[in-house]
Structure formats: structure tokens, C-alpha cells
Amino acid sequence: MSDRLSPRSAEEVREAVQWAAAEQHPLEVLGTGSKRVLGRPVQAGHALDLSGLSGIALYEPAELVISALAGTPLAEIEAALEEHNQELAFDPIDYGPLLAQAPGAGTVGGMIGANLAGSKRLKFGAARDHILGMEAVSGRGEIFKSGGRVVKNVTGYDLPRTLTGSWGTLAVATRITLKVQPKAETEATFLISGLNASEATQAMTAAMGSSAEVSAAAHLPPDIAATLATQGHALNGSATLLRLEGFATSVDYRFGALKTLLRDSGTVSRLDAEASRALWRDVRDCRAFAGTEEHVWRISVAPTAGAEFIARVQAELSCRAYFDWSGGLVWLALSDKEPQAEAVRAAVEVVGGGHAMLVRAPAPVRSSIEVFQPQPSALAALSARIKAQFDPHGILNPGRMGS
């Protein structure tokens, strides 16, 4: 059999997985391969290429529901939604620019496998929070379904939540049904210049706790803001960003409310719809670190801990950093030739714990360290039991998550 298997239906996926399980041939599960360099290199001699399993199977704009085969490009889904002025509320990150890939190349299956989310996660959650139903093929070679708009459910598991974020190591998703939402009429960014990280955290905390309905909050220190300024954004010095979306009159009113709330916080300016969307897209996609050779980490901590985490790492290592999710998501780029995993994870523990994932590094580096946050023993044991239920032969993306 060919080293690359290219099924075009769920039944053909089932047949391919059954063959691989019977012959004990590990499979690397791929869509377009846009996130292939995330995680550890997969130890497999055959690729299960889902790019031919593509197409929007159902879209009912009035019901705010879309269903697509796993290999469907996200760009195709977003274009279909745009025609009806709708969107994926969780605004999934496009890793393409950061990973030296073409932008817009990801698939809906990859989005689910990585549980993607963008800057609006604080308000809308991540991919797993928007799944209505899923069809998948287990490592046993069995087709199963769960959730809405299907006729059979898997007893004992919330299949969509179990598979989302599993990086293709439990089962091969073949069809995903998602809820969508109408796009906001307009948006604006409330931009505060001149704050340091601690001051920015206080301002963002106040804004997120107010009635202004901020949909995203981020802070760019001067060096990061300067990098994005060279890409056409109107930034000067540090930039604390608060995103407002909705009807124009509502956005204007809430912008005024934030000016009153944060009147002592610094110099305020406004980015209107087009400039706001462009800036948030580049913040979301980590454009400030694109095109460099730095090791890049994605750190999740408590929102109030982001500034302290950055300060602790910068006291020890040469790095650049900024935070999104009101301080809860830190993007960290290390100029050191080593990824400094021990130092990064030690800083995470000192500020109260969290999750540190090495997003960008050469394959030999990713092979030599834990790319994903090591799990506590009890959670690791639970993960192993789930893996044994879904993929007892260990043929799906072996090694990608370090096991």
C-alpha cells in the first residue's frame, strides 16, 4: 500500500485505519499539513491525507449551523459565512505566518485537533465550545458519531470535547458540525499608549469587569508595538488594546464609558473598524514573531499573572513577549539557542501554574523535550486510559504529544 493514503469518505477512512491497525502500521493524520511542525515529530511510516475529504456538507444560515468534512479549508468555511454576514465567534488563530506556512491553509479538522481560538476566547471560548456534532473513526477502525444532527451517540464520552485538542491521537475526525453567529455591525479598538505591563493589567482587569462588554484585551510592550508598526499599524510606544464590537451606537457609547473608567490610565486613541480588525488579526496570529528564528512559546496562566510571568522570564533570559486574553495568554520568543524549557516552566509554576507549549522550534529540539505541558500523574493515567479506549494499537499520530 502507498505511503500516503488519501481517503475521500468516512468509509474509506475506516478501511484505511482498519488496515493500519491490523498491520500495526502507524499513521500520521494530515489535512494540508499546515500545523505539521506543531508538537513532536510523528513517528509513522504512512500518512493519512484527509485533504480529499473536503466540502461543506450542510449550511443553514437561519439556524446558525454549518457542517463540513474534516479536510475542508477554513478559508472556504469563512468565505461561505462571510456571504451571510456570519462568523466563527471564537476567531481561530491562523498559525501559518508564525510557522512559515501560507496563511489561510488550515482545515476544520486541524482546527478541532488543536482546539484553536483567537483573541476573543475570553468572551466566546475555544473551538470545543462551538461544536454541535462530530463523526470520527477510532483507532480501532470504527465509525462513531456524537452530538447534534446525527443519529447515534457514543455512550460514556462527550466525543467532541474529548477529541478536540487531542491532536489526532485518539481518532480521525471526518465531519464536524459547528454553531456560528452573526458578525458584529462594526468594531473599534480602545487604544491606551504608554502603560507598562503591570499598569496594563490593571486597566484590562477594570475594563473586562465593567459593563463595556470588551470582547478582547491585549498588551503590546514598546518593542512588539514597534514591530507591528512597521507592518502598517498606527502604534507608538506600548499599546494596551481593548476591542469593542456591536452596533455602531453601542460601540460609541461603550467607548465613551471606557474613557470615563480609564481616564487616569494614559493617552487614549481609537482605531475604527478596518484598522481594528487588521491589528487584532496580527495580534491573534503572532505576526510580531513571524519570519524570525526565535523559539516561540505559548503560555497560558491566570490573567492577572501574565505581567509577572514576563518579568520573571525577562530577568533570566533574552526574550520578547506580549500578552493577549487580558494577560492570560503570553506569547514568548526566545533568542537563546536553547528553548529553555525548564526556566519557562519554572516561571509558570512560580506565578500559580498554567500551561506552556513550545510552538516553534526545529524538529531536533522538539524531539528532545516535552513540547506540551507535562501532565500530573493522575491526569496522565486518565489520558492513557482514554487513549487505550480509542486507539488501543497506538497507530494514530504516535509521538506527537510525547507518548
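A crossing of two helices is called left-handed if the near helix is turned anticlockwise from the far one by less than a right angle, and right-handed if clockwise. Helices here are DSSP runs of H or I with at least four residues, strands are runs of E with at least two, and both are numbered from the N terminus. By that rule, helix 10 and helix 11 make a right-handed crossing.

Before going on, two remarks on the source. This is a predicted model, in which local features need pLDDT of at least 70 and side-chain atom pairs count only at pLDDT 80 or more, while totals for chains, interfaces and linings use all residues. Residues are numbered from 1 along each chain as its sequence is written, and side-chain values use heavy atoms, with hydrogens and water left out.

Back to the helix pair. Helix 10 covers residues 306–316 and helix 11 covers residues 341–350; their axes are 9 Å apart and the angle is about 145°. The axes are lines fitted to C-alpha atoms over the stretch in contact, and the angle runs from 0 to 180 degrees between N-to-C directions. Contact means heavy atoms within 4.5 Å. On the helix 10 side, the contact uses Phe 309, Arg 312, Val 313 and Glu 316; helix 11 brings Ala 343, Val 344, Ala 347, Val 348 and Val 350. Seven of these residues are nonpolar, none polar and two charged. In that count, Ala, Val, Leu, Ile, Met, Phe, Trp, Tyr, Cys and Pro are nonpolar, Asp, Glu, Lys and Arg are charged, and the others, Gly among them, are polar.

Which residues of helix 10 are buried? They are Gly 306, Ala 307, Phe 309, Ile 310 and Val 313. Seen down the axis, the buried residues of helix 10 fall within an arc of 160°, taken over the directions from the axis to the C-beta atoms, so they line one face. Buried means under 20% relative accessible area, exposed over 50%, and partly exposed in between, with a 1.4 Å probe and protein chains only. The face turned away carries the exposed residues Ala 315 and Glu 316. Among the elements covering the buried residues are helix 6, strand 16 and helix 11.
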